[in-house]
Amino acid sequence: SNRQAQLAQVRVMRASGAMELSRRVLVACVCAVACARMFGALGMVDNVPCIFANADETFVLIPFSGSSAGAGPPDSRLLRTSCSQQASASLNSWPPFAASVSLVAIGAAALARGAFCRGAGRLAGRPSWDVAKNLTQRGAAPSGPFPELCVFDLDACLWDKEMYEMRAIPVEDSKVFGDLSGRGEGVVGVMSGSDKISLHEGALLALQGHADGKLPGMRIAVASSADTPFAERVGRAALALLEVVPGLTVWDLLLRDWDGADVNQIGRQPPLSSNKAQTHFPRLRQATGVRFDRMLFFDDCNWGDHIGMVSAGCKESNGRGVVGVRTPYGLRKGEWLQGLDLYARKESNMA
């Protein structure tokens, strides 16, 4: 089993290297377009095609007028880097041969990146988008067995913002009301300065299912390596304001599972650290009494491979450990269902 684990890690490393190579090819294509424009090879017209990547890693060409071409849709991504930066590139009218070459090069890089992402995802425990979409389209309902503890990262996973970027601690007056996925009107967001913090679709689905008792035997907690004490305060304030269903906040639900005790691990100040495998999860195991091999963990992994570190470093004496799912674009419905499926299949294989 140790040999198999080592081989799996090698495959993941190779796939990660391939993903990085494809990323660099795509960046080089974008730089080529920028250089061509800098040296006057590109002309200016009112309607220009802009290349953007959807969240499902497919590429589309979208025409914009000259006044809005630089902005693009709010959630458009040409490339999501490890620093979670967003970039966009526009291709203005330029010589047909050069335009064709660039489009072909960028398209090839995009396809390569998508293929490597899906391959690495299968090897590393990240849900394949094909599988996730199939589960979503089938309307698959989780049937269990369910994890005894489901652990969520916060930033860019449970919700859509990074707390270290926020400028103000959310307060009562910063609530944003709206529809909670058909469950009535409640707090769907909280403002931190000009930024709105909102739960991702899959996160809300997961929390509502748990609140409704549809996941028997499962309890929840959060494990976040918030960068600063201020970021931690912002996160805790947001948890206390965002609602799962009208009148029930995320924090209410987190405390309900543990008879009012706070078992959550938020921050990186001692005794915590930036390494969740060394601090957050051992402390969660001690506080909850739940074994590592009874846990399911969701993390965006955009700043570091927390899923890989926790899966490798937090194991029981039987060699089994935490089941992890990477959510680089936030916890969406497909990833939530895929995570439950991964855990259930693991349990079935061990039965």
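## Exercises on ring pairs and a buried glutamine

The structure holds five aromatic pairs; rings of Phe, Tyr and Trp (its six-membered ring) pair if their centres lie within 6.5 Å, with planes under 30 degrees apart counted as stacked, over 60 as edge-to-face and the rest as tilted. This is a predicted model, where local features need pLDDT of at least 70 and side-chain atom pairs count only at pLDDT 80 or more, while totals for chains, interfaces and linings use all residues. Residues are numbered from 1 along each chain as its sequence is written, and side-chain values use heavy atoms, leaving out hydrogens and water.

**Exercise 1. Work out what kind of pair Phe152 and Trp336 make, and where the two residues lie.**

Step 1: The ring centres of Phe152 and Trp336 are 6.3 Å apart and the planes are at 35°, so call this pair tilted.

Step 2: Now find them in the chain. Phe152 belongs to strand E4 (residues 149–152) and Trp336 to helix H10 (residues 333–350), so the pair ties together parts 184 residues apart in sequence. Helices (H or I, at least four residues) and strands (E, at least two) are DSSP runs, numbered from the N terminus.

Step 3: Check the cover: Phe152 and Trp336 are both buried. Buried means under 20% relative accessible area, exposed over 50%, and partly exposed in between (1.4 Å probe, protein chains only).

Step 4: Ring pairs join Phe152 and Trp336 with Phe298 in a cluster.

**Exercise 2. Do the like for Tyr164 and Trp303.**

Step 1: Here the centres of the Tyr164 and Trp303 rings are 5.9 Å apart with planes at 90°, so the pair is edge-to-face.

Step 2: Tyr164 sits in the loop between helix H4 (154–158) and strand E5 (175–179), and Trp303 in the loop between strand E12 (295–299) and helix H9 (306–313), 139 residues apart.

Step 3: Tyr164 has 36% relative accessibility, so it counts as partly exposed. Trp303, at 48%, also counts as partly exposed.

**Exercise 3. Describe the surroundings of Gln265.**

Step 1: You'll find Gln265 in strand E11 (residues 265–266).

Step 2: With a relative accessible area of 5%, Gln265 is buried.

Step 3: Leave aside neighbours within four places in sequence, and Gln265 is in contact (heavy atoms within 4.5 Å) with residues including Val222, Ser224, His280 and Arg283.

Step 4: Follow the side chain of Gln265: it reaches the backbone oxygen of Val263 at 2.8 Å.

Key: A polar contact is a pair of N or O atoms within 3.5 Å; within protein, one must be able to donate a hydrogen and the other to accept it, and residues adjacent in sequence count only if both atoms are side-chain atoms.
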